[in-house]
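Here is a short briefing on a protein model.

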Amino acid sequence: MDAIYVGIDVSKDRLDVHVRPSGEAFAVARDGKGLEELVARLQAISPALIAVEATGGFETIVAAALAGAQLPLVVVNPAQIRHFAQAVGQRAKTDPIDAAVIARFVEAVKPEPRAMPDQEARLLAELVSRRRQIIEMIVAERQREKRAENVRVRKSLARHIKVLEKELPEIDNDIDTLVRGSPVWRAKEELLVSFPGVSNTLARTFLAEVPELGALNRRQIASLAGLAPFTRQSGRWKGKSMIGGGRAKLRAGLYMAALSASRYHPQLKVFYRRLVTAGKPKMVALIAVARKVLTTLNAMLRDQKPWQPA
């Protein structure tokens, strides 16, 4: 029998489903009853792989329901689907058509499914995300306060800043309690912070954004973060290798770790200076440092060994 592949397009109120190679298509509501129906229908056909497109958080409950039912699931990047649709000449765009494109994509590419984070991991990810949002709002409000000329507006901004500054330590305390309450996460955090340049905040960002850390090889983990260089070559022409894609929040955390490592880490400081001296742009050298930081952290968690100076 042919392997069965399923594409699901997620919107706010409903889920459009397309099954290949049969071509069967149906839709269910994005609520408790609809998810129960979806799980039952998919369990009945035993698909080889199900793909859900990441859609700004709407896919989370769907992915959780499918993963909880032990169905093979992968959450795909919308950019990949968009480029695949362009490649196959699919210009029309409706929810059922999008579901069919997702199904064709997963049938052709067969991306590797990964286990969904458990409930505590998702909570940590949300808390870390909320902490980042609060910091961004504080920075934005302070900039507005500097530009505001009206006294009432400045007072309003000052009050909002105080509320946000009060909320920040509470979020930090929630994150600390969650991490310290889990022996597994506590052990992982202690391993990560043993690396020079990785603070407790960065360690918790890595735990939240990349639960796969320690379970993948160095090429896979670099690709996951969008730090794997892609070769650009055609005939005699050879362009510069570039990075792209991956998890932006993880990459931002790695950038901060790389900045610190390029100044204070014994080996990576020398590595960074050697690249710059050889004529590499500083940003290229910093990305190389970030990639080394990531692969080192991955190896530390894989081997359950703290960082040791060479």
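The points below are grouped by topic. The model is predicted. Its largest nonpolar core holds 49 residues, and a second, separate core holds 21.

**Largest nonpolar core**
- Seven residues touch the most other core members: L124, L192, F206, L213, L254, V293 and L297.
- Two or more residues each come from helix 5 (119-147), helix 6 (151-180), helix 7 (183-193), helix 8 (200-209), helix 9 (218-224), helix 10 (248-264), helix 11 (266-277) and helix 12 (282-303).
- Helix 12 gives the largest share, 10 residues.
- Leaving aside residues up to four places away in sequence, L124 touches I175, L178, V179, W185, R204, L207 and A208.

**Second core**
- Among the 21 residues of this separate core are I4, V10, L71 and L73.
- In soluble globular proteins, nonpolar side chains tend to be buried together.

**Helix 1 against helix 2**
- Helix 1 (residues 32-45) packs on helix 2 (residues 59-68) at about 45 degrees, and their axes lie 10 Å apart.
- That angle makes the pair oblique.
- The crossing is right-handed.
- Helix 1 contributes L35, L38, V39 and L42 to the contact, and helix 2 contributes I61, V62, A65 and L66.
- The contact residues comprise eight nonpolar, no polar and no charged.

**D98**
- D98 sits in helix 4 (residues 95-109).
- Its relative accessibility is 13%, so D98 counts as buried, the cut-off being under 20%.
- Beyond residues up to four places away in sequence, D98 touches D9 and K93.

Key
Residues numbered from 1 in each chain as written. Predicted model: local features only at pLDDT ≥ 70, side-chain atom pairs only at ≥ 80, totals over all residues. Heavy atoms only, no water. Helix = DSSP H or I, 4+ residues; strand = E, 2+ residues; numbered from the N terminus. Buried < 20%, exposed > 50% of the residue type's maximum accessible area, 1.4 Å probe, protein only. Contact = heavy atoms within 4.5 Å. Axes fitted to C-alpha atoms, helices over the stretch in contact; angles between N-to-C directions. Parallel < 35°, antiparallel > 145°, perpendicular 65-115°, else oblique. Left-handed = near helix turned anticlockwise from the far one by under 90°. Nonpolar A, V, L, I, M, F, W, Y, C, P; charged D, E, K, R; others polar. Core = buried A, V, L, I, M, F, W, Y, C linked by side-chain atoms within 4.5 Å.
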